[in-house]
Amino acid sequence: KDMYVTDAGLIKERTTTTTTQDTTLTNTSQTITDPNYSPNAPDISYDTVSDRYIKTYRGASDYPEYRIGTYNSSTKAVDWGTAQVIVSYSTRGYNVFNSVGSSGVIGFVWTLISGSSDYVKFSTSTINATTNLLTNSSLSGTSANVVISSSEEYYPQGVVWDSSSSRFVITWTTVQSSPAYTIYANCFEVNTNPNSDPVWSSSNQVTVDNTNGNDSGTRNCFSLIYDPDTQRTVHFFLTRDGSNNVRYGGRVLSISGSTITVGAKTTSTVAPYNSQDNAIITTYDTQNNKIICAFQENTTTYNKIYYQFVTVTGSSTNTISFNTGSQLTTFATEKYNIAFDTDNNKAVLLTQNRDDSYNVYHNIYSSNGTTLTLDSSTLVSSTNLIKNAMEEGVEFVSGRGFVYNYQKNDVNWNMVNFSSFFGSTTSTVVNASQSNF
């Protein structure tokens, strides 16, 4: 046997301990909350300063709401606090977006309906980790009224933190304008007191795109993402190419001070399924500095997800380019989201499987910046199925894994909450005997 003497003079057998990462995700128990709330896609973010999660969504009375979550190291899940109403006015659309900036400041964007008028609202706040509430108790009262109209419908399309300019960037779209479904953007600087009105100007508003792709599709099919490598914001949306074919396209937003420069539109050559339910999902591949973009391809009656890698060119060019891409799933699906595990360099898709009774699956992919290779596809749930779109309902945190929220497909429209992480297996092997020479 292979033996050795310890510093204490003990003779012990030499062993080798090996820790191997699991190839599939471990899921925590699913908890059910918020019955009878409106169809929505919760938006989840994590704030490192307060060590708290936040999710925003349209609540049961169509009011914008938020919950603060605390990571539970014992269960490896997030314990969500009580729902808090931001303001007792209805929202336009399904989304209430949030994004974490520097120093624990969070930006929020939603559309408030008051009387016959729509207000696009933007506000900021920090999190009080003691009370698990926003420090700004009057989020709507200290907000910027970005645009107001009694004859227009405004739909928020996202908010990101642009670290190069130290500003939040928001986008929204219209319905009644001419041309219809024009997409706009503006940027906001955090005030010295982050719980007061942000610093901004309506004169900095820009038109992102005014190409009508599909009425309800343009309103619902979009994604706003920040590329930390080129320090550019990219807005993806449903549009039309030069031959009037419906396609997904994107534009780069470059922020210098409070000035937004919009790059030329680039469209994918892949035909998407032309439906308001065809969500476009994006995540950032930190290993290869590429955006992964995915959507339903227009191939069959029940469409599979197609993905493409998107390269952002910054400097004075400010454009994107789509690679050829390929199908992401071998099964048909309608509801899905994606996030990138920066600890293990894996892209993880949470999706319904229409070919398997709409059961919920995890697909795990390896990435080389050009191709996604499927590592595994495993069942997550056969009981808590997905009701509505959930593109923003995931957040990855290094060392902890993924946090998920989606709407359950049942009569109560409950919210399903759970976490997923890559576990590991540790094994100890006794070393083989050693020969004497």
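Predicted model: local features only at pLDDT ≥ 70, side-chain atom pairs only at ≥ 80, totals over all residues.

Colleague: Which residues have the most contacts inside the largest nonpolar core?

Modeller: Those are Val234, Phe236, Ile291, Cys293, Val310 and Ile320, in a core of 19 residues.

Colleague: And which elements give two or more residues to this core?

Modeller: Strands β21 (232–240), β22 (246–256), β26 (290–296), β27 (305–313) and β28 (319–322) do. As a general point, nonpolar side chains in soluble globular proteins tend to be buried together.

Colleague: What does the second, separate core include?

Modeller: That core has 18 residues, and Leu350, Phe396, Tyr404 and Val416 are among them.

Colleague: Back to Thr282. Where does Thr282 lie?

Modeller: Thr282 is in strand β25, which covers residues 281–285.

Colleague: Why does Thr282 count as buried?

Modeller: Its relative accessibility is 15%, and buried means under 20%, so Thr282 falls on the buried side.

Colleague: What does the side chain of Thr282 make a polar contact with?

Modeller: With the side chain of Ser223, at 2.6 Å. Leaving out neighbours within four places in sequence, the contacts of Thr282 are Ser223, Ile225, Phe236, Ile291, Ile292, Cys293 and Ile338.

Colleague: Next, Gly249. Is Gly249 buried or exposed?

Modeller: Buried: the relative accessible area of Gly249 is 0%. Gly249 sits in strand β22.

Colleague: Which residues is Gly249 in contact with, leaving aside neighbours within four places in sequence?

Modeller: His235, Phe236, Phe237, Thr239, Thr266 and Thr267.

Colleague: How many Å separate the C-alpha atoms of Gly249 and Ser223?

Modeller: The separation is 10 Å, and the two residues are 26 residues apart along the chain.

Colleague: New topic, sheets. What is the order of strands in the open sheet of four?

Modeller: The order is β16-β17-β18-β19, and the pairing is antiparallel. At the edges are β16 (154–162) and β19 (206–209), each of which pairs on one side only. From one strand to the next, the twist averages 30 degrees.

Colleague: How many bridges join β16 to β17?

Modeller: Eight, and β17 covers residues 167–174.

Colleague: And which residue in β17 does Trp161 stand opposite?

Modeller: Phe168.

Methods: Residues numbered from 1 in each chain as written. Heavy atoms only, no water. Core = buried A, V, L, I, M, F, W, Y, C linked by side-chain atoms within 4.5 Å. Buried < 20%, exposed > 50% of the residue type's maximum accessible area, 1.4 Å probe, protein only. Pairing = 2+ DSSP bridges. Axes fitted to C-alpha atoms, helices over the stretch in contact; angles between N-to-C directions. Polar contact = N/O pair within 3.5 Å; in protein donor to acceptor, adjacent residues only side chain to side chain. Contact = heavy atoms within 4.5 Å.
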